[in-house]
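Subject: Structure handover

Hello,

Here is the structure for you to take over. My notes on it follow below.

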Amino acid sequence: MKQIIITMLLLAATIANAQDKEKAQQDAQNGGYEVFVNPEQSPQFPGGDKACLDYIKKNMCYPEEAKKKGIEGRVLVQFVIEKDGSHNSYKVIRSPDSLLNEEAIRIVKGMPKWIPARLWNETTRIRCTLPITFKLEVEGQEESAHGTNLHKGKHTPCYTCPTPTLRKQKQED
């Protein structure tokens with residue numbers, strides 16, 4: 001009986017030690033601070049969800065090679081929003097093709113500071129996942145910015161945009 005109890009205690013100690021090591025590794029990856037996923041108040045893009053969608057539409061530069069290959073779909077970008085609203089630790093967790101990954105991360109990295117999450121009435125770090133949808137325009141529809149027909153010509157393209165028609169449009173403005 002004593003051997004069974006001793007064996008169970010050793011097993012419990014081994015499991016607890018393994019969990020502590022795993023938590024320490026996660027903390028080291030997160031800058032030594034715990035990152036939450038379910039806060040009382042979620043983080044918010046300045047201006048809300050509509051402003052976030054507008055930001056994505058305005059700043060998206062559809063990768064030319066992906067356009068040529070007809071690649072479209074949703075890229076899920078995971079990142080950490082800090083207590084001050086800044087963000088870091090960008091990682092693509094799902095993507096239809098690697099050609100879209102760099103652009104999705106560029107969009108998220110360029111975002112302004114978010115309104116941070118709150119837990120127990122204090123701001124906290126949180127891991128966030130944001131979907132970035134890449135959709136090519138459909139033949140016969142009005143051509144619009146970067147392969148999405150959602151903002152119907154109200155787009156101000158970036159100077160480095162790989163889409164020639166949008167670079168030309170920017171120069172004419």
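Trp 120 counts as exposed, because its relative accessibility is 63%. The cut-offs are these: buried means under 20% relative accessible area, exposed over 50%, and partly exposed in between, with a 1.4 Å probe and protein chains only. Trp 120 sits in the loop between β3 (117–119) and β4 (122–124). Its phi is near 55°, a positive value in a residue other than glycine. Asn 121 is placed in the loop between β3 and β4 as well. Asn 121 is not a glycine either, yet its phi is positive, at about 65°. With 62% relative accessibility, Asn 121 counts as exposed.

Some ground rules. This is a predicted model, where local features need pLDDT of at least 70 and side-chain atom pairs count only at pLDDT 80 or more, while totals for chains, interfaces and linings use all residues. Residues are numbered from 1 along each chain as its sequence is written, and side-chain values use heavy atoms, with hydrogens and water left out. Helices (H or I, at least four residues) and strands (E, at least two) are DSSP runs, numbered from the N terminus.

The sheet

Three strands form an open sheet in the order β2-β1-β5, with antiparallel pairing. Two strands pair if DSSP finds at least two bridges between them. β2 (87–94) and β5 stand at the edges with a single partner strand each, so one side of each has no neighbour in the sheet. From one strand to the next, the twist averages 25°. β1 and β5 pair in the antiparallel sense over nine bridges. Val 75 has Ile 132 of β5 as its bridge partner.

Helix α4 lies across β1, β2 and β5, and runs at about 150° to β2. Contact means heavy atoms within 4.5 Å. Axes are lines fitted to C-alpha atoms, for helices over the stretch in contact, and angles run from 0 to 180 degrees between N-to-C directions. Asn 101 is in helix α4. This residue is buried, because its relative accessible area is 19%. Leaving out residues up to four places away in sequence, Asn 101 touches Val 75, Val 92 and Ser 95.

The core

A nonpolar core is a set of buried Ala, Val, Leu, Ile, Met, Phe, Trp, Tyr and Cys residues joined through side-chain atoms within 4.5 Å. The largest one has 26 residues, and those touching the most other members are Ile 56, Val 77, Phe 79, Met 111, Leu 130, Ile 132 and Phe 134. At least two residues of this core come from each of α2 (49–59), β1 (73–81), α4 (101–109) and β5 (126–134). β5 gives the largest share, five residues. Ile 132 has contacts beyond four places in sequence, among them Ile 56, Met 60, Ala 104 and Ile 107.

The aromatic rings

How many aromatic pairs does the structure hold? There are five. Rings of Phe, Tyr and Trp (its six-membered ring) pair if their centres lie within 6.5 Å; planes under 30 degrees apart count as stacked, over 60 as edge-to-face and the rest as tilted. The rings of Phe 45 and Trp 114 are edge-to-face, because their planes stand at 85°, with centres 5.6 Å apart. Phe 45 lies in the loop between α1 (2–29) and α2, and Trp 114 in the loop between α4 and β3, so this pair ties together parts 69 residues apart in sequence. Phe 45 and Trp 114 are buried. Ring pairs link Phe 45, Tyr 55, Phe 79, Tyr 90 and Trp 114 into a cluster.

Best regards
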